[in-house]
Amino acid sequence: MKDNGWLQRLQDELAQAWTVTVKDMKAYYLRPGMIMFGFLMPFFMFFSFSVKREMAAAQGVARLLALTTFFTAAAAGPFIIPLERRLGTYDRLLAAPMSLLTLLLGKTAVGAFFAIGVSALALVVGVGIFGASVAQPWLLVAGILLGSFSFSALGLIFGSIPTRNPGDVQMPSTLLRWGLLFISGVFVPLAEMGAIARAVAYVSPLTYAQDLMNHAVLGGGLLSPWLNLGVLLVSGVLFLVPSVKMHQRSRRLGY
């Protein structure tokens with residue numbers, strides 16, 4: 001009976017997290033902020049970088065997939081949570097009979113599913129129109145899933161900042177993402193970096209997502225694919241820790 005009670009509690013928490021996810025997907029996916037920062041920005045950045053460059057279709061797809069999982073997944077938390085605080089709907093979620101971690105997991109899934117959908121669209125365009133091929137499909141699926149959840153959890157940290165104005169969160173969130181982008185081996189491959197630049201690149205989780213996409217699409221990368229998967233998994237879990245702490249502080253401050 002005790003084991004059944006634990007299992008029932010887990011099922012209830014997962015059902016509550018899924019309810020939060022579905023509600024946000026219906027309410028926010030078509031908002032201008034999500035479309036601009038989550039959908040259009042990675043494509044604009046990719047095309048502005050790749051124009052007039054001699055880049056094979058598969059190499060372009062690998063870079064575009066890393067960009068979409070990173071920017072799209074991390075855009076949800078900084079936009080949705082401050083907006084809900086301003087509208088007053090977030091207080092009702094915090095008062096609901098579910099744990100804070102369950103709520104945050106539901107919010108994380110919102111950005112992750114958005115990134116998975118946009119990445120799938122980019123993959124269809126790359127394969128169907130530009131003729132790119134995928135060397136290891138299973139690795140591509142694992143990379144998109146883990147990368148999306150990890151980067152969504154990263155965005156959740158900024159969404160946990162005690163504010164009711166999405167603009168206060170978008171600025172530091174965008175600055176961090178731009179900084180990580182330019183040190184992560186997306187535009188300059190790891191193999192072409194100097195020793196110091198490569199050491200800095202290893203700090204960014206985007207580096208491991210890009211290397212994983214290289215393995216999946218191109219058939220080879222600089223790092224072990226298992227290392228890339230492990231770093232994305234661990235970083236996603238670790239990103240939830242400051243989100244929980246900052247949410248607890250925000251509640252004490254009345255947000």
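## Buried residues, cores and a pocket

His 247 is a residue of helix α10, which covers residues 225-252. Keep in mind as you look around that this is a predicted model.

- The side chain of His 247 forms a polar contact of 2.8 Å with the side chain of Ser 160.
- Setting aside residues within four places in sequence, His 247 is in contact with Ser 160, Ile 81, Arg 85, Tyr 90, Leu 100 and Leu 104.

**Thr 72 in α3**

- Helix α3 runs over residues 57-87, and Thr 72 is part of this helix.
- Thr 72 has 0% relative accessibility and so counts as buried.
- Where does the side chain of Thr 72 find polar partners? A polar atom of that side chain lies 2.4 Å from the backbone oxygen of Gly 38, and the side chain also reaches the backbone oxygen of Thr 68 at 2.9 Å.
- Apart from neighbours within four places in sequence, the contacts of Thr 72 are Gly 38, Pro 42, Leu 67, Gly 111, Phe 114, Ala 115 and Val 118.

**The nonpolar cores**

- The largest nonpolar core holds 60 residues, and the ones with the most contacts inside this core are Leu 65, Leu 103, Leu 140, Leu 181 and Leu 206.
- Which helix gives the most to this core? That is α3, with 15 residues.
- Not counting residues up to four places away in sequence, Leu 65 touches Leu 140, along with Ser 119, Ala 122, Leu 123, Ile 144, Met 213 and Val 217.
- There is also a second, separate core of 5 residues, among them Met 193, Ala 201, Tyr 208 and Leu 223.

**Ala 201 in α8**

- Ala 201 belongs to helix α8, residues 195-201.
- Is Ala 201 buried or exposed? Its relative accessibility is 0%, so Ala 201 counts as buried.
- Beyond its neighbours within four places in sequence, Ala 201 is in contact with Ile 183, Ser 184, Leu 190, Met 193 and Thr 207.
- Ala 201 and Leu 190 are 11 residues apart along the chain, and 7.9 Å separates their C-alpha atoms.

**The second largest pocket**

- This pocket has a volume of about 230 Å³.
- Its lining consists of 16 residues, and those nearest the centre are Gly 185, Pro 189, Leu 190, Asp 211 and Asn 214.
- By type, the lining of the second largest pocket splits into 8 polar, 6 nonpolar and 2 charged residues.
- Helices α3 and α9 (205-218) each supply at least two of the lining residues, and α9 gives the most, with 5 residues.

**Ala 153 in α6**

- Ala 153 sits in helix α6, which spans residues 137-159.
- Its relative accessibility of 1% is why Ala 153 counts as buried.
- Leaving out neighbours within four places in sequence, Ala 153 is in contact with Thr 108, Gly 236, Phe 239, Leu 240 and Ser 243.
- From Ala 153 to Thr 174 is 21 residues in sequence and 15 Å in space, C-alpha to C-alpha.

How values were computed. Residues numbered from 1 in each chain as written. Predicted model: local features only at pLDDT ≥ 70, side-chain atom pairs only at ≥ 80, totals over all residues. Heavy atoms only, no water. Helix = DSSP H or I, 4+ residues; strand = E, 2+ residues; numbered from the N terminus. Buried < 20%, exposed > 50% of the residue type's maximum accessible area, 1.4 Å probe, protein only. Polar contact = N/O pair within 3.5 Å; in protein donor to acceptor, adjacent residues only side chain to side chain. Contact = heavy atoms within 4.5 Å. Core = buried A, V, L, I, M, F, W, Y, C linked by side-chain atoms within 4.5 Å. 1 Å grid on protein atoms, 1.4 Å probe; cavity = no way out; pocket = protein on both sides within 12 Å on 5 of 7 lines; lining within 4 Å. Points joined across faces, edges and corners; volume = space filled by probe spheres on them. Nonpolar A, V, L, I, M, F, W, Y, C, P; charged D, E, K, R; others polar.
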